[in-house]
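Morning, everyone. Please look at the model on the screen while I talk.

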Amino acid sequence: MRTIHRLLTATLLTLATATATLAQPAGPQSGPQTGPLRVDINAGLMQPMPIAVPAFAPGNAGTTEAGTTTALGERAAQVIANDLRSSGLFRPLDPAAFTTTVGVDSVLAPDFAAWRTIAAQALVTGTVTANPDGGITLACYAYDVFAGTEIARQGFVTTAAGWRRAAHKCADLVYSRLTGESGYFDSRIVYVSETGPRTNRIKRLAIMDQDGAQHRFLTSGQNLVLTPRFAPGQQTITYMSFENNRPRVWLYTLGSGRQEAVGEFQGMSFAPRFSPDGQNLIFSMAVGGNTDIWRYNIATRQSVRLTTGPGIDTSPSYSPDGRQIVFESDRGGSQQIYVMNADGSNQRRISFGEGRSASPVWSPRGDYVAFTRMGSGRFGIGVMRPDGTGERLLTNGYQDEGASWSPNGRVILFSRSDRSGRSGLWSVDISGLNERRLATPLDASDPAWSPLLP
Amino acid sequence: MTTTPLRLTLLTSLVLSLAACSGQKQEVAIEAPPATARPEAPATTTIGEQIPAMGGMTVPGSQEDLREKAGTDTVLFAYDSYELDAEARGVLARHAEWLRANPGVRVTLEGHCDERGTREYNLALGDRRANSAKNFLAAQGIGVDRLSTISYGKERPAVAGSDEGAFAQNRRAVTVVMGR
Amino acid sequence: MTTAERNWLLAAGVAHIALIGALSLAWQHSQRLMPSPTDAVPVEIVTIADAPRVTEPPKPSVEAAPQEAAAATPSKAAPAPEPVKADAVPPPEPVKPKPPEKPSSMPSKTAPTSLDTSSLASLIDKALPKAPKRTLDTSRLATELNDAAPRNATVDPRAAATLAQAIRAQVAPCWNPPVGGRDVRRMTVIVSVRYSRDGRVVGLPDVGRPTGSTAANADYARAFAETARRAVLRCQPLKLPAELYDLWSNVEINFDPEEMT
């Protein structure tokens, strides 16, 4: 019987071997006879992705009113690298470390091995070509260096003076392709530029690209101006001005510079924002010591009162679908955050954390509300979900307030003041990381981020 | 009649205060706006600054006159409050008296806040403070057609500083004489 | 034939039949979808409504100080695998007698010919061998063989576990998962890699479709999957014992950021 046992064992082993052999999944694994080894990786490193952005090559030897294609290629690469670096998710490598350049002939066939040696994980390159009409075409290509594959390409045609926008669009392409987020670099910021003694600040509306370039002042400083916000179409800004000692809401048309007071209201109107369809304004109106929220149709000039009651109701902000409004009210005794339907119904409180919560603004993605949290003598920027859950404090300064969202709902812009009265613009990623200062010519406050330019 | 040295002193101080006042209106250049800027009426950033008159006598019905007669043109508030305390009511009562003594003079009640609040809320709180003062004066019999209000929120502190002393002075309502 | 011997013979026979039965079961291979390469998009015309004038040279933004979140340290490299006896290596078989000094879950020498499912159970379990099951339970045998077959069909579970640890320690530092994407936190993805004897990746790794990916988060899923592929491509060649090459020539790496969030 022992022999039989041994025979059976041998048979069993053979059959088991056969099982293993035939158990091979169909596909590339055709060599060794074992199944694949299973490995679990549950942790990695959170770090900005090293990326190489060499100067774009000149597609032709042309000159535009913004410079030669060679110069534009260098500047475009710098703009793109700056954008990616500013997001905190990428680390553009120092061009001094590059072992190769990308000429026109290698734009479509990069030397991946050379880029691997400097540990670039992605490569952004392209060309700038001068067009016969005086404009330019910027061709943008992104590559996965270690896989040796192209991951995105797109071309952008624009005027010579618009070369920055083309560069920002390229940066958006790379950013969104590598992170899965939608882009935000091709956008602008409007804010209040401040200067002068604290007791008599000179405030002017100013606008700039989100990277600080192309800065312009929009008003002269003769009148105190506050809280500018973009219309969804971006051609108009709403703000509050003390012109003629009559504080109220105004509209500023960017192309023409035309300024127009909104409505003929009894009291002070302030804290204005546009509705997502651009047809309405919502703002606060203070009459006889009571402040409520109103909606105003720009075309028909009809106004509708949305809140009543003796509390201060202010800082209204629409949800991106236009169906709800988040606002702040002290009707409960202290400043807290409330949400209501766009017609004013169903007003309910959503903030229940410590201290006071104010100045809410709804994310363009609809998933979060950013706000100012005040407590223990400090002001910080926080986020919460529109139902009030998931509250998180992202910053904690002496006076951080005036939050505004990037177009992709990923970055929050805000104003930070210190005890000496100086103020500036800062931004922070929604993860709480990458808090950084935006450069402005003078002090700054009340920032507002535009939607993505089309 | 004043002596010549005194006149000279007063003249000098007049000239100096003129220079100081004009220095407050800063010339700010606009950097190439895209189109012609809408012409804006020159507006002073503070209302009602008036120059003390020559001769050492306060002009009746002026801001200075109000300050002299009532002791101050300003009432203060507690943090995040718009209630008038006893001292404030006393000051405003004297303002009402002065207004009765100067019929036809209109005033604007300015409401102000300290910086320890968000921008928009403070505009609303300043409005509450201004209306507190106005309502008090109206209750004292001053016609509301003579009383207007404006809020500056935290934009125009009286005192620079980020300590409690400065904050307390900035939480205020100011009775500003507008003229007749 | 004694009763005991007959019983063992019966058991062996049943096991044979079950094994053959298992062989004929077709198991589903997980669907592997390689994210399709981006199609070349034709050049797009962008019309700019407002062409702002360049009034001053561009001001570079303040450089962001790259902030690293508390980096999850990769698990410590496993100690060098124990020198495996020569008999453990060649034509690896799913069931093989273990070297005697190892804490054995194998049956005692008195019944070396029986199929001990307890050792199979320990193979399925990626952990080291558990307390042995002494009874022969054939009802689950087919399932266990099914489960065991495409995965750790290795001879020595300790060697397998050690190799897995070594690979994890070497590849994890190259993995930079996307930061902050909401759905991404719950995604996982399996990357199948072929390695040559010198530890280099052969061809391009095959990337599965991430779990938790939907049409709505497809962009995140693709970005997430690519971080996994990149990790594999960056961290090579692997340093692994050549004599165990057959165990690690094909590897499936499951990237799961759950512990990082």
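How many salt bridges does the rule find across the interface of chain B and chain A? It finds six. A salt bridge here is a side-chain nitrogen of Lys or Arg within 4 Å of a carboxyl oxygen of Asp or Glu. Take R128(B) and D330(A): their side chains meet in a salt bridge, 3.0 Å from N to O.

A word on the source. This is a predicted model, where local features need pLDDT of at least 70, side-chain atom pairs count only at pLDDT 80 or more, and totals for chains, interfaces and linings use all residues. Residues are numbered from 1 along each chain as its sequence is written, chains are lettered from A and ligands numbered from 1 in the order in which they are written, and side-chain values use heavy atoms, leaving out hydrogens and water.

Back to the interface. Chain B puts 44 residues in contact with 61 residues of chain A; contact means heavy atoms within 4.5 Å. About 4500 Å² is buried between the two chains, and carbon and sulfur atoms give 47% of that. Buried area is the accessible area (1.4 Å probe) that two parts lose on being put together, summed over both.

Now a sheet in chain A. Four strands form an open sheet, in the order β21-β22-β23-β24, with antiparallel pairing. Strands are DSSP runs (E, at least two residues), numbered from the N terminus. Two strands pair if DSSP finds at least two bridges between them. Six bridges join β22(A) to β23(A). One example: V326(A) has V339(A) as its bridge partner.
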